[in-house]
Amino acid sequence: EAARPLGRVAYEQEGVFIHSSCGKNDDQDNLIAGILRVIEKENEVIVDWRPSDDTLDNSNILCAGKDSSSVVEWTQTPKEKSPRGADRPSSYEAEWDMVTTVSFKKKPHSNGDATTHANGESKWSFLFSLTDLKSVKQNKEGMGWSYLVFCLKDDVRLPALHFHHGDSKLLIKCLEKHVVLSESPQDKRILLVNSQNKSLSQSFENLLDEPSYGLLQKLKKDPYTATMGRFSKVTNYIFDSFRLTDPATHRRPPSEMADFLNDAIPGLKINQQEEPGFEVITRIDLGKQPEVSRREPVTAEEWAKNMDSEGRILNVDYIKQLIFKGGLCHTLRKEAWKFLLGYFPWNSTKEERANLQKRKTDEYFRMKLQWKSVSEEQEKRNSRLRDYRSLIEKDVNRTDRTNKFYEGEDNPGLILLHDILMTYCMYDFDLGYVQGMSDLLSPVLYVMENEVDAFWCFVSYMDQMHQNFEEQMQGMKTQLIQLSTLLRLLDSGFCSYLESQDSGYLYFCFRWLLIRFKREFSFQDILRLWEVMWTELPCQNFHLLLCCAILESEKQQIMEKHYGFNEILKHVNELSMKIDVEFILCKAEAISMQMMNCKELPQAVSEILGLESRSVTPDSDTGDDDSAAVLSCPTSLYQSITAPVAAANGTRESSQQAAETQSLTPA
């Protein structure tokens, strides 16, 4: 018996026939009964049809011709033939190797007989990887047996498969777990494959785990496993670039690239034509970037002095300004992050917060009990919960394992990470778990050192980040368009260069935006960066200005060395763990000041930064006119904080260590 492809059988249907036109009478089809399977392997998904007798000879694999429903035979040329034996095992891999090197020839029908085994059984069979599927054609409803025709890339069409025992809808549902199918505008019977991999979770895996050029090597070697599919269909273009033999002669013109991107991510066209609601940004002189410095982290003493006797924060704006300019000393984070993330209301008393924690503790453990009490038998019938658990277990075992809080086997930190993510699936079952979410939870749990507090802070953080992980990726699309708009205002020449290298859509910023720079900075630097961003100062979308600051810092090297598409991607990936967080925070703040002080700031930029309601354009950065901008905190306040400061690229001595170790008990 011929070896079947190894892997999990996700779909199996008997009574799936090929109606060949090689019967004894011209008007009579020869029916060949077979079994159709969809097989999930570790690195790919295979669609496999073979005759019911399952005694296939590898030398005959059949495929439909382009111009008719007749049969074309896969045949090996003499030099491609290899002996069947110990060095050529009868296995799926051997079959697939053979299929990828075969040539076509028209199957002869002169004698009117199908190719048969000695016992008279048909030898026809075919299989293909879903990465090679281009479209699926269905029959009209009510037209006899349900049938499907698979069309592969390069317009190779397989024989029609007729479903004598039931319809083909279950197969379509199975395929839709792995690829995105949409109706062709020209023919509703044709379903077009829009993405090679629908699994958002799998799409994050390789992106998040490849800080270096190894990502490119993986893509070249195995584009199916490394594909980022639903995460960013834009990356399909990467595969095109790898297949090009001469980039200089095959480079896509920018207008064609924009069309490609619009197909890949609906609604995303970058810098090629005016976006609805967005302006075409022309060259504007923003003036010189001001010098910006940062202060020491907020101390426990400063925090306690800003609380009244009942534990209320006295001046919320002022404490946010201090945090924006210097971050927090570590002993404060456990308390202050709860306010910054919205778990604790800023105006709450200590007693009110204690009551809130008690209620939230009860609520958390009720949700935790929901998944803890699911029996093995129940879970077998709940594929979504099973999938969530599998992904979480996989991710937890590789999240921040070099951090002492998570290192080693059977680490309690890992157990908490797992349990919080499983409970979040009960809190938001529609979203569930998507790869990358463990990266957002890890620092929060590290700081909180408490399961319940970490969960509710994570819930608040996910409220901000939710759109990044939704299947339609609307949040990511919007941020990329906004980032492109800001970068064009900041440096239109650099934007034009990136576009000339097919990089104008800023694909390389996806990981930065998706998990808020978590893989770009050291663990301790991320704690600082996140708490600064959570102040929501000095404007909306400050994280996009951080992206601009990093890109502007790398502009000189990218342009002077004439980096192309692959080199830009490689260079940006290799910035991971090499970026000075204090320098970038200073630079991003300076960019914000440049833009907010610009007298001719485009409306699109004003809206992105949350300045759309400003009535007077600031003339300088002194901030004397409080009506200059309507912000959550006026520009003048966060700029005028007087405290020990340090240059962006300097090191700071901690003169407040004693204060940092003081108790947080309010005076």
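**Helix contacts and salt bridges in a predicted model**

At the start of helix 10 (residues 316–326), a side-chain oxygen of N315 comes to within 3.4 Å of the backbone nitrogen of D317. Such a polar contact is a pair of N or O atoms within 3.5 Å; within protein, one must be able to donate a hydrogen and the other to accept it, and residues adjacent in sequence count only if both atoms are side-chain atoms. The model is predicted, so that local features need pLDDT of at least 70 and side-chain atom pairs count only at pLDDT 80 or more, while totals for chains, interfaces and linings use all residues. Residues are numbered from 1 along each chain as its sequence is written, and side-chain values use heavy atoms, with hydrogens and water left out. Helices (H or I, at least four residues) and strands (E, at least two) are DSSP runs, numbered from the N terminus.

Helix 10 is mostly covered, eight of its eleven residues being buried. Here buried means under 20% relative accessible area, exposed over 50%, and partly exposed in between (1.4 Å probe, protein chains only). The buried residues of helix 10 are I319, K320, Q321, L322, I323, F324, K325 and G326. After helix 10 comes G327, with a positive phi near 75°. T535 is buried, with a relative accessible area of 0%, and its side chain reaches the backbone oxygen of V532 at 2.7 Å.

Charged pairs were examined next. Side chains of opposite charge can pair when their charged atoms come close. A salt bridge is a side-chain nitrogen of Lys or Arg within 4 Å of a carboxyl oxygen of Asp or Glu, and a search of the whole structure finds 29 salt bridges. One of them joins R528 to E531, with the closest N and O atoms 2.5 Å apart. R528 and E531 are three residues apart in helix 21 (residues 523–534), and therefore separated by about one helical turn. R528 counts as buried at 12% relative accessibility, and E531 is buried with a relative accessible area of 0%. R528 also forms a salt bridge with E582, at 3.7 Å from N to O. Because E582 lies in helix 24 (residues 581–596) and R528 in helix 21, this pair ties together parts that are 54 residues apart in sequence. Both E582 and R528 are buried. A network of salt bridges links R294, R333, R528, E531 and E582.

A further salt bridge pairs E574 with K570 at 3.3 Å, N to O. E574 counts as partly exposed at 26% relative accessibility, and K570 is partly exposed at 29%. S576 is placed in the loop between helix 23 (565–573) and helix 24. S576 is buried, with a relative accessible area of 10%, and a polar atom of its side chain lies 2.5 Å from the backbone oxygen of R519.

Two packed helices are described by the angle between their axes and the distance between the axes. Axes are lines fitted to C-alpha atoms, for helices over the stretch in contact, and angles run from 0 to 180 degrees between N-to-C directions. Helix 16 (residues 437–448) and helix 21 pack at about 90°, with their axes 11 Å apart, and are therefore roughly perpendicular to each other. Angles under 35 degrees count as roughly parallel, over 145 as roughly antiparallel, 65 to 115 as roughly perpendicular and the rest as oblique. In this contact, D439, L440, S442, P443, Y446 and V447 of helix 16 meet F523, Q524, I526, L527 and W530 of helix 21.

Helix 12 (residues 350–372) and helix 17 (residues 451–469) pack at an angle of about 85°, their axes lying 10 Å apart. Helix 12 and helix 17 are therefore also roughly perpendicular to each other.

The loop between helix 24 and helix 25 (603–608) holds N597. A polar atom of the N597 side chain lies 3.0 Å from the backbone oxygen of M593. N597 and G287 are 310 residues apart in sequence and 9.1 Å apart in space, C-alpha to C-alpha.

Methods
Contact means heavy atoms within 4.5 Å.
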